[in-house]
Amino acid sequence: DEAETKANLDPDLWHQYSYWNLHAYFSCHRVFAASRSVYDSEKWADLRQYYQVFRKQDEEDEPIPEGKPERTYQFSNDVFDPPLDPFQAGEKGRGLKAARDINKGELVFQ
């Protein structure tokens, strides 16, 4: 039971949590049980801007040693505007659909 697992977790040891410990600690079952809205383009722009600020600050706080690869993040530094539109899929949640005709071999997800 997620509530019991959460009650037995020590927040000071968060870095030792397994995937399912994190799932319980943040009560993910409640988040995923409800329908989530699709972000509009303004919200996505805000998120991209936040990410760029975060990444810059992260690299200033902890520079990457010479010869080491860049840190990986969920987002890319590149500007990529996929030919996709998000939509609400009723009870099934959120989805993606083509915003226009997509050419064979065209990158649609990065």
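The text below takes the helix, then the hairpin, then the rings.

The model is predicted: local features need pLDDT of at least 70, side-chain atom pairs count only at pLDDT 80 or more, and totals for chains, interfaces and linings use all residues. Residues are numbered from 1 along each chain as its sequence is written, and side-chain values use heavy atoms, with hydrogens and water left out.

Helices (H or I, at least four residues) and strands (E, at least two) are DSSP runs numbered from the N terminus. Helix α4 (residues 41-61) has 21 residues and spans 30 Å between its first and last C-alpha, close to the expected 30 Å, which is 1.5 Å times one less than the number of residues. Y51, R55 and D58 of α4 are buried (under 20% relative accessible area; exposed is over 50%, partly exposed in between, with a 1.4 Å probe and protein chains only). These residues lie on the same side of α4 because they cover an arc of only 65° around the axis, taken from the directions from the helix axis to the C-beta atoms. On the other side of α4, E42, Q49, Y50, K56 and D61 are exposed.

Strands β1 (residues 84-88) and β2 (residues 94-98) pair in the antiparallel sense over five bridges; pairing requires at least two DSSP bridges. Q88 is opposite R94 in β2. Five residues separate the strands of this hairpin, and G90 has a positive phi near 60°.

Three aromatic pairs are found in the whole structure. Rings of Phe, Tyr and Trp (its six-membered ring) pair with centres within 6.5 Å; planes under 30 degrees apart are stacked, over 60 edge-to-face, the rest tilted. Two of the pairs are tabulated.

| Pair | Centre distance | Plane angle | Class |
|---|---|---|---|
| Y19 and W20 | 4.8 Å | 85° | edge-to-face |
| Y25 and F26 | 5.2 Å | 90° | edge-to-face |

Y19 and W20 are both exposed. Ring pairs join Y17, Y25 and F26 in a cluster.
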